[in-house]
Amino acid sequence: MSAGNKRGAFIVMEGLDRSGKSTQAARLLERLQRADARVKLLKFPDRTTGIGITIDSYLRSESELDDRAIHLLFSANRWELASSIEESLRAGSTVLCDRYAFSGIAFSAAKGLPYEWCRAPDISLPAPDVTIFLDITPEKAKQRGGYGEERYEKEEMQRMVREVFQRIGSETSREQRWVVVDAGQDIDLVTEDIWRIVEPLVSGVLGPVTRLW
Ligand code: T5A
Ligand code: NA
């Protein structure tokens with residue numbers, strides 16, 4: 001994988017809480033590094049920025065915020081990093097992102113905010129070349145360690161979130177691909193499924209970065 005003037009691929013991992021995004025993102029990072037690709041791993045929410053600290057406090061139920069206000073903060077947290085994502089892609093780095101705008105819509109719409117309203121603040125963010133949706137039932141996700149500590153980690157909420165994710169997937173264009181992976185499988189099988197999606201993407205030539213939505 002020689003760099004040349006080739007731009008980097010933008011890969012997003014999405015899924016319910018405990019679907020295995022962070023585990024798989026770490027494995028993919030390592031594999032891409034071994035394959036000699038320059039790669040950056042990001043995670044949203046980025047809890048380290050000023051906005052991110054406010055989001056973190058909300059998620060831990062240490063503070064309350066209007067549903068619309070927190071939605072806009074999640075989006076602003078992505079906009080804080082949008083230009084650096086684009087710069088990295090242009091410089092030839094692969095950008096791997098643990099959650100993105102799709103989570104923004106899924107969780108807020110699941111709370112009852114209008115779907116179209118939820119999409120609006122993320123219009124024209126850099127669009128991923130592929131979104132890998134780690135699909136798992138809320139029942140199975142719940143059996144994994146630590147479920148139940150943060151605000152949205154309740155089975156009924158996760159069920160609604162999954163339905164919105166399914167709608168998002170069905171509306172995603174062919175250019176901005178949405179690929180579903182069975183996240184209920186053994187960890188190594190999930191890793192292999194993901195690599196089969198990513199390998200051709202990072203070794204191929206990509207057109208210009210597109211925009212949401
Ligand atoms: N949110 C986020 C919004 O509302 N709006 C937004 O715009 C955004 C960006 C925080 C919350 O914020 C919401 C969504 C979330 O509710 P977060 O910090 O990403 O988001 O929190 P989680 O998604 O919950 O992160 P987790 O770390 O809990 O889940 P992961 O990353 O999906 O799962 P992971 O990899 O940590 O794995 C969980 C456990 O399962 C095991 C792991 O070892 C680990 O113990 N595991 C498996 N076990 C069996 N089989 C497998 N295949 C396994 N894969 C992993
Ligand atoms: Na969580």
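User: Which helices each supply at least two residues of the shell around ligand 1?

Analyst: This is a predicted model. In it, α1, α4 and α8 each supply at least two residues of that shell.

User: Which residues come nearest to ligand 1?

Analyst: G20, S22, T23, G104 and F107, out of 22 residues around ligand 1.

User: And the shell by class?

Analyst: The shell around ligand 1 has 8 nonpolar, 8 polar and 6 charged residues.

User: Back to α1 and α8. At what angle do their axes cross?

Analyst: Roughly 50°, and the axes come within 10 Å. The two helices are therefore oblique to each other. The crossing of α1 past α8 is right-handed.

User: Which residues make that contact?

Analyst: On α1, T23, Q24, R27, L28, R31 and L32. On α8, I187, V190, T191, I194, W195, V198 and V202. By class, the contact has 8 nonpolar, 3 polar and 2 charged residues.

User: New topic. Where are the cis peptide bonds?

Analyst: One joins F44 and P45, with omega about 0°. P45 sits in the loop between β2 and α2. The bond from L212 to W213 is also cis, omega near 5°. W213 is in the segment after α8.

User: What about phi at R99?

Analyst: Positive, about 75°, although R99 is not a glycine. R99 is in the loop between β3 and α4.

User: Is R99 buried or exposed?

Analyst: R99 counts as buried because it has 23 C-beta neighbours inside 10 Å.

User: And S124?

Analyst: Phi of S124 is also positive, near 75°. S124 lies in the loop between α5 and β4. With 11 C-beta neighbours inside 10 Å, S124 counts as exposed.

Note on methods
Residues are numbered from 1 along each chain as its sequence is written. Chains are lettered from A and ligands numbered from 1 in the order in which they are written. This is a predicted model: local features need pLDDT of at least 70, side-chain atom pairs count only at pLDDT 80 or more; totals for chains, interfaces and linings use all residues. Axes are lines fitted to C-alpha atoms, for helices over the stretch in contact, and angles run from 0 to 180 degrees between N-to-C directions. Helices (H or I, at least four residues) and strands (E, at least two) are DSSP runs, numbered from the N terminus. Angles under 35 degrees count as roughly parallel, over 145 as roughly antiparallel, 65 to 115 as roughly perpendicular and the rest as oblique. A crossing is left-handed if the near helix is turned anticlockwise from the far one by less than a right angle, and right-handed if clockwise. Two residues are in contact if their C-beta atoms, placed from the backbone, lie within 7 Å. Ala, Val, Leu, Ile, Met, Phe, Trp, Tyr, Cys and Pro count as nonpolar, Asp, Glu, Lys and Arg as charged, and the others, Gly among them, as polar. A residue is near a molecule or strand if its C-beta atom, placed from the backbone, lies within 6 Å of it. A residue is buried if 20 or more other C-beta atoms lie within 10 Å of its own, exposed if 12 or fewer, and partly exposed in between; C-beta atoms are placed from the backbone.
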